[in-house]
Amino acid sequence: MSTEEFSVIGKPLARVDAWEKVVGAARYADDFFLPRMAYAKIRRSDHPHALIKRIDTTRANALPGVYVVVTGRDFPAVRFGILPVSQDEEALCTDKVRMVGDPIAAVAAVDEETAERAADLIDVEYEVLPPIMSVEEALAQDKVRIHEYGDGPNIHKAVAFEFGDVEEGFRQAALVREDVFFYQGNTHLPMEQHAAVAQWSPDGKLTLWSSTQTPHYVHRALAKTLQMPPAWIRVIAAPVGGGFGGKTDPFSHEIVVARLAQLTGRPVKIGLTREEVFYCHRGRHPVSMWVKTGVTKNGEILAMHFRSYVDGGAYGSYGVASLLYTGALQTVTYRVPRYKFEGMRAFTNKPPCGPKRGHGTPQPRYALECHLDKIAEQLGLDPAEMRRRIVVDEYTKTANHLTITTCGLRECIDRVVEASGWREKHGKLPYGKGVGFACSSYLTGAGLPIYWNDMPHSGAIVKVDRGGGVAVLCGATEIGQGSDSVLTYVVAEQLGIDPKDIRMATADSDLTPVDLGSYSSRVTLMAGHAAARAAERMRILIHEAVAKKLEVVPGELVSRGGRVFVKDDPERGVSFAEAAVLAETMHGTLACAGSYTPPKRAGKFKGSGVGPSPCYSYTACVAEVSVDPDTGEVTVDRVWIAHDVGRALNPLLVEGQVEGSVYMGLGEALMEEQVFREGLHKIPSMLEYKSPTTLETPEIYTILVETVDPEGPFGAKEAGQGPLLPVPPAVANAVYDAVGARIDEVPISPEKVARAVELKKQGKPARVGPERLPVFTFPEPVKVASAFGEAADPSVKRKTQV
Amino acid sequence: MMRLPPFAYLAPRSVGEAVRMMVDHGPEAMFVAGGTDLYPNMKRRQFEPKVLVGLRGIQELVGVRGEATTGLVIGAGTTLTDVAEHAAVRGHLPALATAAGLVSTPPLRNMGTIGGNVCVDTRCNYYNQSYQWRRAIGFCMKKDGDICLVAPGSPRCWAVSSTDTAPVLWSLGARARLVGVGGERVVPVASLFKDDGIDYLAKARDEVLTEILLPPVDGLRCAYLKLRRRGSFDFPVLGVAVALGLDGGRVKTAKIVLGAVASRPREAAEAGALLVGERPTPALIAEVAEVAARPSKPLDNTDLTHPYRKKMTKVFVARALRRLAGLPDSPRDEEEVA
């Protein structure tokens, strides 16, 4: 790796928050204790779908130790939701509940036990409505509606696009293949349960500490739902004990504690139970999928038609974006000249789905990569070699008008093929052992904001103290992914100082410039650029002052190793602390801001806002499995994964992200499922919602590929989500290689594998997966000329120009 | 987070004192040993004792005594870790070491006791839920309600026996010493269980399980196989304990006991009888496994599906017997080994 030119970037340094997290000193939201603090508990719906006829809080109010009991009527009649187009949530439901776990009333009491007892003493009368628990039921029910808005009864959104004439592509194809897949829903399962503490000051201002990935959006939601000036609200994201997208929406409990704090005049805390976290959800959408692809005999794709049927749950959440993501990135990995996508999202009476690591793309990725595996087999091609041939071209546009910059996928493929011994293993291992292959791509930050505006997506302030200490103020939120560390490295590199001399102040709406949040793999690129720019401005001020002192021109100076010195005469220089004094003397107080706005490259059609990104990461994966044909148990023995991260600002952190993604992908592939029975979540606990343990985690061989993308700070692309994507299909394809059975849905449970093996024994098609799709008529597609193969806009920075 | 309800904790120093405390406090009291199952259940209000009589401080309940050849005696308060790691248990009763070592996780095995695991509450995914969840679906007869949600027409509760160690102890012919207000008695572990998800233990409220008495080991070979989703944490959704007394290649005694497929461990006696006097050949094992699966009656109230658990009963019994007979796990692999 080419890190010689850098002092900090590219080095496997320990995280800046390692010590406080290892010794338990980090203060998570639930660790906050304030004097006179009250504890809140939310009474939640017992029914998946019902009208609220009456709420009687008399008994709860009478319980000693209860300070206040509130219902939805105690809030301004305003709805909220993360997307402007889906403002469909209430702080507390007033007239209707749409899922078991919907919030109805809340209590603030002297302690948590009293609050819980009081919540159970609230009497709720319901008029029960028929529950709608699947896309099929949503489509069958046109009289009972979960929401009054959308593209049809219980249809949240239906979309259709066609980029180029796909039928023409199918006509030219040597092989046209259709497949049907189902990807079961699953949840994030962060170690930390959501918690929030609200404090109302005597002058009427609110402070909220919360375990959130998006304090800026929480800030906006509080202002809206409490009808308060945003200037009077301060939102601070505490260190987050795992998010994965599950803490990316504003939540009812955050609004509730704020109101309770106002009413009681006390700080109020809420810590959700694990079961309540399952009700917050916003996890992986269950998606049924149909894909039809026409290819040449060499596997070159001529046209692809993809359909998604998305089970959204009870609220909109990010759903419109999630739905579009199930169709957006198919074209970013392989050359797809003609592409058609149709998708629909239904409302159901289940916890709302939303963004989980890979947001809307692991499901189509599973379908696509299993589908390509079958195509390769049908064409008699090696699945890795076939994919290698059809990788997208750098600096071109896709059919759906996304701009590709660098692409290290071919190198990724070569590296995992080599490291895993793919050629010696695929199709050649004994019965019960197999290898599977898959690739993927993912965005490095969403190109468009959640709410329409032309302001920066990220801002940072670098402030230098007279003693040489540096503070970095940035709205970015540390959710365990290492954002505080990455921003520290970027500033340390720019100023030539030790990372230890930098303090981070992050995610505080009073003190730090806005960053949109830790989602869409955007922080390293966007906040990284903002911090780099702020630090660069600071370096210019410092060099100007030092140059004057040393009687040289600023261009002759470098900052490195805690000193500012003349490049050609390193003895001539000053320490960074001395430089700070010189600079403050010359310029006054030293504070510089930097910000980042992504390039506007979305296509000119409605719905083009989901998918664009400054650059895309690429991943290739080989999984090796053992399958027990008698029990159907799948053991993943080894995973090789190569990830094009642009540049690893800290390879240790990138490897951690890759390994965590593999682990999470394996959970989705093999066992995790969000399932319901009689309108209730069947298994809302960490014991019964099966997620892998260390014992199920295989050896993971991580290979980092560096393409040094001109769009990223120091060339960096994302690493937090992309590496999850190829893992489930690689496992499915490996199971096929091991026992000849296709499992066209996740999770690949032992029962399904055993059933498929049994079918094979009986001479029947050895496939377990969905047999049919929901019956739905999609709208007429928006027809847009395919941009496939067009050169990237001149505004795109090219490597040669760097 | 979920909070414990208020309760008084009593810390007797002897079994006699524990029994007296239990009698004094009547139905409001429960015994607690490791507490790894009881406390979480209290948080979910599955148990609502006002008084807990803690057995942890009673020294006489802890430890493994005696020799395997004359019969080991395991104090009921011995932790699962200590049972799993005990040299004589590992050497002579590997099935017991395996079963104890497969319970939950290492930290919970350091707390949980073998007595607690033998007596562990039956489980059901309609019952092992929070108070609020159970209220939402409608309470079941095991707690706060009057019907069985997994078999609504049934007059009884079908919660699942979820002990790993009891099927093994049963297969080994172990006995249990119970000490109560009326004195003490020693009963076969096999007679400790009743076929009811609520009233699943044939033990009086005031009786303390003090010791497990194992028979002398004499030509005994035993195995335990556990079906569960993950390599840790999970309760069994099928347990197969097999103990064979072998004499010159022929089976002298055979006990096959199934766990987690009914409200009590179930002995597949008919299947075991097929083995007695015979050599455990692959063909006989296949036949025995078929018969052994008959008493396996799983319902849809645990992880994995019940038809799968039923099907796996056969696979697991065959596998356990094949291992004891020195055969590879699957008939498919026989050629390779040969």
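Angles under 35 degrees count as roughly parallel, over 145 as roughly antiparallel, 65 to 115 as roughly perpendicular, and the rest as oblique. Keep that rule at hand for the exercises below, which explore a predicted model.

**Exercise 1. Work out how helices α6 and α7 of chain A are arranged: what is their relative orientation, and which residues meet?**

Step 1. Find the two helices: α6 covers residues 215–226 of chain A, and α7 covers residues 252–264 of chain A.

Step 2. Take the geometry. Their axes come within 10 Å and cross at roughly 55 degrees.

Step 3. Look at who touches whom. From α6(A) come A:V218, A:A221, A:L222, A:T225 and A:L226, and they meet A:E254, A:I255, A:A258 and A:R259 of α7(A). Sorted by class, this contact has 6 nonpolar, 1 polar and 2 charged residues.

**Exercise 2. Now try α18 and α19 of chain A: at what angle do their axes cross, and which residues make the contact?**

Step 1. Helix α18 spans residues 651–670 of chain A and helix α19 spans residues 727–739 of chain A.

Step 2. Here the axes come within 8 Å, and the crossing angle is roughly 55 degrees. The pair is therefore oblique, and the crossing of α18(A) and α19(A) is right-handed.

Step 3. On the α18(A) side, the contact is made by A:V662, A:G665, A:L666, A:E668, A:A669 and A:L670, while α19(A) brings A:V727, A:P728 and A:V731. The class tally for this contact is 7 nonpolar, 1 polar and 1 charged residues.

**Exercise 3. Step back to the domains: how many residues of domain 2 of chain A are in contact with domain 3 of chain A?**

Step 1. The assignment gives domain 2 as 32–129 + 191–242 + 247–280 and domain 3 as 287–448 + 603–784 of chain A.

Step 2. The C-alpha centres of these two domains lie 36 Å apart.

Step 3. Read off the contact: 19 residues of domain 2 touch 19 residues of domain 3. The domain 2 side has 8 nonpolar, 5 polar and 6 charged residues.

**Exercise 4. Finish with the two chains: which helix of chain A gives the most to the side that touches chain B?**

Step 1. In total, 25 residues of chain A are in contact with 22 residues of chain B.

Step 2. Helix α3 (residues 112–120) of chain A gives the most to the chain A side, with 3 residues.

Step 3. By class, that side has 8 nonpolar, 4 polar and 13 charged residues.

Step 4. Check the confidence: the model scores ipTM 0.96 and pTM 0.97.

Key
Residues numbered from 1 in each chain as written. Chains lettered and ligands numbered in written order. Predicted model: local features only at pLDDT ≥ 70, side-chain atom pairs only at ≥ 80, totals over all residues. Axes fitted to C-alpha atoms, helices over the stretch in contact; angles between N-to-C directions. Helix = DSSP H or I, 4+ residues; strand = E, 2+ residues; numbered from the N terminus. Left-handed = near helix turned anticlockwise from the far one by under 90°. Contact = placed C-beta atoms within 7 Å. Nonpolar A, V, L, I, M, F, W, Y, C, P; charged D, E, K, R; others polar. Domains from an automatic or database assignment.
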